[in-house]
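Try each task before you read its solution.

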Amino acid sequence: MSSALRFLIVDDFSTMRRIVRNLLKESGYADAEEAEDGVVALNKLRNMKFDFVITDINMPNMNGFQLLVEIKKDEKLKHLPVLMVTAEARKEDIVAAAQQGAAGYIVKPFTKATLEEKITLIIQKLGL
């Protein structure tokens, strides 16, 4: 079942979205869409079906924390696991992400193994 999951990759840098998409593909997750910020992501989430969100924190228009809050307060979306990605490993960000309902947190740059491990843990924890 897990390899049939549909991912939404949210990052303002197209290169980073492509890297994450390729890492997902190498890990057996071929179904992924992209969004360049939280506003676009929220629109896609409300109009398409996704199983998993991987979002950067620092983005224009709507950042990853704002997106997380919007997802968690939406009845139709709040079940979605959200994996936060950031270039800064600030303790307060990690704590804030957890408090706001993020399923996990990884720091750039990360490897395929790190991404795979986080996704697998989240899938197991949520029984996806």
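This is a predicted model: local features need pLDDT of at least 70, side-chain atom pairs count only at pLDDT 80 or more; totals for chains, interfaces and linings use all residues.

**Exercise 1.** Which residues are linked with R6 in a network of salt bridges?

Solution. Residues are numbered from 1 along each chain as its sequence is written, and side-chain values use heavy atoms, with hydrogens and water left out. Now the criterion: a salt bridge puts a side-chain nitrogen of Lys or Arg within 4 Å of a carboxyl oxygen of Asp or Glu. Apply that around R6, and the network turns out to take in D31, E33 and K44 as well. Across the structure there are 16 salt bridges.

**Exercise 2.** Find the salt-bridge partner of D74 and work out why the pair ties together parts that are apart in sequence.

Solution. Start at the side chain of D74: it meets that of R46 in a salt bridge, at 3.1 Å from N to O. D74 sits in the loop between α3 and β4, and R46 belongs to helix α2 (residues 38-47), so the bridge joins parts that are 28 residues apart in sequence. Last, check accessibility, where buried means under 20% relative accessible area, exposed over 50% and partly exposed in between (1.4 Å probe, protein chains only). D74 is buried at 16%, whereas R46 is partly exposed at 46%.

**Exercise 3.** Work out the strand order of the sheet and say which strands stand at the edges.

Solution. Take two strands as paired if DSSP finds at least two bridges between them. Tracing the pairs gives an open sheet of five strands, in the order β2-β1-β3-β4-β5, with parallel pairing. β2 (32-35) and β5 (104-107) each have a single partner strand, so one side of each lacks a neighbour in the sheet. From one strand to the next, the twist averages 20 degrees. Zoom in on β4 (residues 82-86): four bridges pair it with β5 in the parallel sense, and M84 stands opposite Y105 of β5.

**Exercise 4.** Which strands does helix α3 lie across, and at what angle does it run to β4?

Solution. Helix α3 (residues 64-73) lies across β1 (7-10), β3 (52-56) and β4, and its angle to β4 is about 170 degrees.

**Exercise 5.** Is D93 buried or exposed, and what is D93 in contact with beyond its neighbours within four places in sequence?

Solution. First locate D93, which is in helix α4 (residues 91-99). With a relative accessible area of 9%, D93 is buried. Then list contacts, meaning heavy atoms within 4.5 Å: leaving those sequence neighbours aside, D93 touches F65, E88 and Y105.

Key. Helices (H or I, at least four residues) and strands (E, at least two) are DSSP runs, numbered from the N terminus. Axes are lines fitted to C-alpha atoms, for helices over the stretch in contact, and angles run from 0 to 180 degrees between N-to-C directions.
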